[in-house]
Amino acid sequence: MSERTLAPAPSNVYSFSRVKCFQQCPLRYRFRYLEGRKEAFRSIESFLGSTVHDVLEWLYARRSDGNDPDQAAVLEEFARRWSDGRDRTIAVIRVKDNDHEYLRLGREMLTRFFNETFTRDLSRTISLEQRLSMRLSDTVLFTGFADRVGRTDKGRLFVIDYKTSRSEGDDSEFSEGLQAPLYAACVLDHHEDDEALAGYHYLRHGTTKWQPVNRERARQLVQKFLHLVEEVEAADEFPARPGVLCSWCGFNAICPSAEVPESLSGGLRRAEEMGRSLF
């Protein structure tokens with residue numbers, strides 16, 4: 001199989017990110033999920049987020065093993081993972097930015113989390129990066145990965161998702177209103193609790209926002225997501241939806257409708273350097 005292609009996604013398995021991709025740009029959805037094309041680059045923001053997530057998973061796994069790392073060990077682990085994972089496919093989108101700014105930001109987020117959250121956290125971890133799945137209908141399966149599932153010191157079941165985004169979201173937004181709550185619905189499907197908490201921890205701000213999800217709310221979320229899947233499956237055209245997200249799309253060099261301003265052209269330049277261009 002060519003390095004430029006992946007296996008197309010199974011037609012009946014839907015993740016939150018798959019549906020969100022269709023909502024943002026149907027053409028990107030077609031390239032990625034139907035044709036199995038590989039994106040030419042990955043943004044530095046995405047790399048930062050995944051590296052920080054990996055370190056948080058490592059941190060809580062060590063605690064579960066009875067060995068709490070100190071702050072220096074956390075930052076050392078972050079530096080090691082950053083160095084090992086950074087390669088030429090990762091692009092700095094904002095041309096005036098550089099790697100050092102994102103490395104510094106990662107250190108700041110982890111330092112704040114360690115001192116303000118982790119050291120005070122009395123909750124118990126049930127699972128880390130758990131693959132969740134739920135059958136939504138006879139033909140549709142939902143799947144996703146929960147950053148952390150646990151119980152508070154008072155025994156309440158929770159799911160939490162770590163965010164490295166620039167701004168805090170709220171539950172009126174597509175992502176914040178659906179992703180973690182849907183994960184909580186999946187967790188309820190495997191536990192006897194009547195309610196689970198769905199949370200987002202915004203690492204740049206050191207804040208956490210919670211939403212309670214009871215079984216009736218879980219049922220509503222499943223129906224909402226299933227309706228979104230039905231919209232995807234009913235589509236027979238996949239037009240481009242150009243906008244600010246084009247700069248972060250790994251298909252922007254092969255999309256004739258992409259809108260990429262010079263100030264946000266780091267990914268496009270990287271794609272063209274790697275020979276991923278229409279022109």
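With a cavity taken as a set of points on a 1 Å grid over the protein atoms alone where a 1.4 Å probe fits but cannot get out, the count comes to one cavity of 30 Å³ or more. This is a predicted model, so to speak of local features pLDDT of at least 70 is needed, side-chain atom pairs count only at pLDDT 80 or more, and totals for chains, interfaces and linings use all residues. Residues are numbered from 1 along each chain as its sequence is written, and side-chain values use heavy atoms, with hydrogens and water left out.

The largest cavity comes out at about 40 Å³, a volume being the space filled by probe spheres set on the points, with grid points joined across faces, edges and corners. Around the largest cavity sit His53, Leu56, Glu57, Leu128, Glu129, Asp147, Arg148 and Tyr162 (lining residues have an atom within 4 Å of a point). Helices (H or I, at least four residues) and strands (E, at least two) are DSSP runs, numbered from the N terminus. By class, this lining splits into three nonpolar, one polar and four charged residues; Ala, Val, Leu, Ile, Met, Phe, Trp, Tyr, Cys and Pro count as nonpolar, Asp, Glu, Lys and Arg as charged, and the others, Gly among them, as polar.

Then there are the pockets, each an open set with protein on both sides within 12 Å along at least five of seven lines. The second largest pocket has a volume of about 310 Å³. Its lining runs to 17 residues, with Thr117, Asp121, Ser123, Arg148 and Trp210 nearest the centre. Arg148 also turns up in the lining of the largest cavity. Strand 6 (157–163), strand 7 (195–202) and strand 8 (207–214) each contribute at least two residues to the pocket lining, and strand 6 gives the most, three. Eight of the lining residues are nonpolar, five polar and four charged.

Helix 3 (residues 44–64) also packs against helix 4 (residues 71–85): their axes come within 10 Å and cross at roughly 135 degrees. That makes the pair oblique (under 35 degrees is roughly parallel, over 145 roughly antiparallel, 65 to 115 roughly perpendicular and the rest oblique). Axes are lines fitted to C-alpha atoms, for helices over the stretch in contact, and angles run from 0 to 180 degrees between N-to-C directions.
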